[in-house]
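Subject: Structure for you to look at

Hello,

Here is the structure I promised to pass on. Please open it first, and then read my notes below.

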Amino acid sequence: MSECCSGTQQTTIKEAPPLVPASIDPSAYIQKAEAGLSQLSLIVDTIHCPSCIRLIEGNLHKLPGIETARVNLSTKRLFVVWDETLTSATSIVKTLDDLDFPPTPFNPELISNAGEKEDKALLRAVGVAGFATANVMLLSVAVWSGTNDMGPATRDLMHWVSALIALPTVAYSGQPFFRSAIAALKTRSLNMDVPISLAVLLAVGMSVFETLQSADNAYFDASVMLLFFLLIGRYLDRRMRSRAQSAAQNLLSLRAIAATVVNDDGTRLSLPVESIEPGMKVAISVGEKIPVDGTVVLGASEIDTSLITGETLPQVAQIGDAVFAGTLNLTSPFEVMVTARDDKTLLAEIVGLMETAEQGRAKYVQLADRAAKIYAPAVHLLSALTFVAWWALGDGGWHLAMMNAVAVLIITCPCALGLAVPTVQVVASGLLLKKGVLVKSADGLERLADADAVVFDKTGTLTEGKPELFNRSEIRDGDLELAASLALSSNHPLAKALVKAVGHDIKALPDIHEEPGQGLESYIDGQRIRIGNKYWCGIKKEDESISNEPVSELWLTKSVGIPVRFTFRDKLRPDAMSAINLAKEYLSSVELLSGDRSSAVKMVAQELTLSNWKAEANPKDKINRLEELTSENKKALMVGDGLNDAPALATAFVSASPATAADISQTTADFIFQGNRLKPIIEAIGIARKAKILIFQNFGLAILYNTIAVPLAMAGLVTPLFAAIAMSSSSIIVTLNALRLRLSEKDT
Amino acid sequence: MTALAILIPIALFLGLVGLAAFLWSLRTGQYDDLEGAAYRAVFDEDDEDMSEVTKEKGKKL
């Protein structure tokens, strides 16, 4: 477990030791704190339970010079302030590694703080509105209960104190709504915030007017309560989204580790990836994710490009070959010259395709906005009608007409409507988070509920993207152990699969030599032992007629004896079958669309009983297929992980990526699912559908409420007391209805 | 009714104290980690033997 870089005090010059896949040098991310101390922010994504807090903070505090070590369990981040003259940054990382909490440094300024600030501003607005609601209500209750025996002077006092509280509150807490309403009006459209702002402002304005005339009724309580309830809804909505955002940012930061730049004089320097410029030379150690796009200038190695191409087997990179950020160096260290992203790279092509795809995507109108489009004009019309009718027919003059018109605006209660969508979505996202599914886009759940087809990528989505020994039964234990003891020192996926197949501890052979792209070699008692591809092991092509089988293979040869053949195949995710079955139950069409070889795709399709599959599809083919589905009026869910899937993810009606996916895919996808299970993302369809039903039920409840309350308000029968009760009870009913989603998921 | 002249300011003052406390807790970052805070309350102050905790964790994994 003590497999980390440190022990050394060096921070700027670092020779990456071999066999250290998790080595991290955080020196590029250290920032100066007050009083000569240093600070470092780390993501520790294996934090999962309360005892982790204790373990990490307790052990870090044992190091000399640690001032603060604070774990945030919600965001899985760790913040350390310490004295660098007493403890090096690497020994902090080493301590965490030893505890099995490998950290990833990140720059807190780059991870957007704007969202966090808005969160806090919204929470402050909720706090102020809450305070005001409680206090104004205190005074209002006194007025209502004292209708008969309270003198006009006292009542006026109560109203004036209420105004004193309500006016600043509306000015402060109402801002989120006013701003959004103004923005909508500027584009000559209506959203839910227009009637809300109007109701709040008119209610306060009218109340001040009434108070000046020392009238009986004022609506100060209604206006601040309206703000309070709606702000809660808005805060929940935001919090759900920022939670998913911070989790997504963690995932992305896990890639952006520092790059080791090689200067002209041969010295090495660890720099954050953001400050790498084209033309720099970067050293890539074994097991490292390649941080930049570049051309190999020194050395040769094998590279796991499964994220880019969907291909499971490693590819050889030699001098002059292009390598892409996000791929993994497997066998030996090499150096690359950083290239600018010119138009010819694969990445540039993918980005181009994505841009076109995103432009072509029809803009989805959220349910809440669609409701607002009907609701807002209807409310304004009713209110105007009330005013005109009372003015023309009643004998109370324009004053009474105005009172009743405002009562209609208040009583139509945007509360229930404003809470209808966010409450359900918060509950649904919470359920999905427990299953390891992050909802990234605001309207993702609504679109997922409408999906009726699914398109899966193969490598890394249906499969784990890791090979597994296939012909274990044909191989003698001795051979397997020998091969595994040789393979132990290699990072090659096939070698790793061999070691895994043994299942118990094995000893590594001494003096192992690894030839990139070929295999491994060692000597026991003067006898040469090799594992690797068939050329490396001296097997002639004609020897076997099975080379067309869709499997990867390794050979083991000794100086004497028959060569042994190991075959491997990409392992399906453990729940791939049940996920496909569930998908068939929910959706009308399930298909497989892969960039991999036809034979490999066919095998997976057969195993999963999928009749609808297509292989060797390039990013463009994938887009075409999805557009075809759209033209057939199907709303497709695309599930994929590779860079080659990114344009397809952007084209699809709704999209999902595993947490292991390429950066660009994760950024594009509406959902991200963690862990090695596939089923949760399909189960999410069920939850999204239930959520949609509940949202419609909530709309129904709001309409039902309005059909009772609006006629009363138009008839002029509504008092402030009635408004207060109606408003809070309808909000509570809508919230309780949303919580039913939790109950219905408990049984499953 | 003179009681009101005292009671209303008292009510408002108490409400404002609550609001100030809320804003202070928000500014000092006490709402940043709602999940972690729930558990910190049950931790003992004195430093327990961490190696034991490590073992327990090993078993779980």
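Two strands are said to pair when DSSP finds at least two bridges between them. Helices (H or I, at least four residues) and strands (E, at least two) are DSSP runs, numbered from the N terminus. The model is a predicted one: local features need pLDDT of at least 70 and side-chain atom pairs count only at pLDDT 80 or more, while totals for chains, interfaces and linings use all residues. Residues are numbered from 1 along each chain as its sequence is written, and chains are lettered from A and ligands numbered from 1 in the order in which they are written.

With that in place, let me begin with the sheets of chain A.

In one open sheet, 7 strands of chain A run in the order S15-S27-S26-S25-S16-S23-S24, with mixed pairing. Its edge strands are S15 (437-439) and S24 (613-614) of chain A, each of which pairs on one side only. Inside the sheet, strand S16 (residues 453-456) of chain A pairs with strand S25 (residues 636-639) of chain A in the parallel sense, over 4 bridges. Here A:Phe456 stands opposite A:Val639, and A:Val455 stands opposite A:Met638. S25(A) also pairs with strand S26 (residues 654-658) of chain A, again in the parallel sense, over 3 bridges; in this pair A:Leu637 is opposite A:Val654.

Which way do the residues of S25(A) point? A:Ala636 and A:Met638 point one way, A:Leu637 and A:Val639 the other, and all are buried. In a regular strand, side chains alternate between the two faces of the sheet. As for the term, a residue is buried if 20 or more other C-beta atoms lie within 10 Å of its own, exposed if 12 or fewer, and partly exposed in between, with C-beta atoms placed from the backbone.

Another open sheet of chain A has 3 strands in the order S11-S10-S13, and its pairing is antiparallel. The edge strands in this case are S11 (315-317) and S13 (328-329) of chain A, each pairing on one side only. Strand S10 (residues 301-304) of chain A pairs with S11(A) in the antiparallel sense over 3 bridges, and A:Ser301 stands opposite A:Ala317.

Now for the helices of chain A. The axes of helix H6 (residues 193-212) of chain A and helix H11 (residues 397-411) of chain A come within 9 Å and cross at roughly 140°. Axes are lines fitted to C-alpha atoms, for helices over the stretch in contact, and angles run from 0 to 180 degrees between N-to-C directions. H6(A) and H11(A) are therefore oblique to each other; angles under 35 degrees count as roughly parallel, over 145 as roughly antiparallel, 65 to 115 as roughly perpendicular and the rest as oblique.

Which residues of H6(A) meet H11(A)? They are A:Pro195, A:Leu198, A:Ala199, A:Leu202, A:Ala203 and A:Met206, and they meet A:Met402, A:Met403, A:Val406, A:Leu409 and A:Ile410 in H11(A). By class, this contact has 11 nonpolar, no polar and no charged residues. Ala, Val, Leu, Ile, Met, Phe, Trp, Tyr, Cys and Pro count as nonpolar, Asp, Glu, Lys and Arg as charged, and the others, Gly among them, as polar. Two residues are in contact if their C-beta atoms, placed from the backbone, lie within 7 Å.

A:Leu122 sits in helix H3 (residues 114-145) of chain A. A:Leu122 is buried, because 20 other C-beta atoms lie within 10 Å. Leaving out residues up to four places away in sequence, A:Leu122 touches A:Pro176, A:Leu231, A:Arg234, A:Tyr235 and A:Arg238. A:Leu122 and A:Arg238 are 116 residues apart along the chain, and their C-alpha atoms are separated by 8.9 Å.

Chain A has 23 helices and 27 strands, and 47% of its 748 residues are buried. Chain B has 3 helices and 0 strands, and 0% of its 61 residues count as buried.

Where do the two chains meet? In total, 25 residues of chain B are in contact with 23 residues of chain A. On the side of chain B that touches chain A, the elements giving two or more residues are H1 (2-27), H2 (34-40) and H3 (50-60) of chain B. H1(B) gives the most, with 10 residues. The residues on that side of chain B divide into 15 nonpolar, 4 polar and 6 charged.

Best wishes
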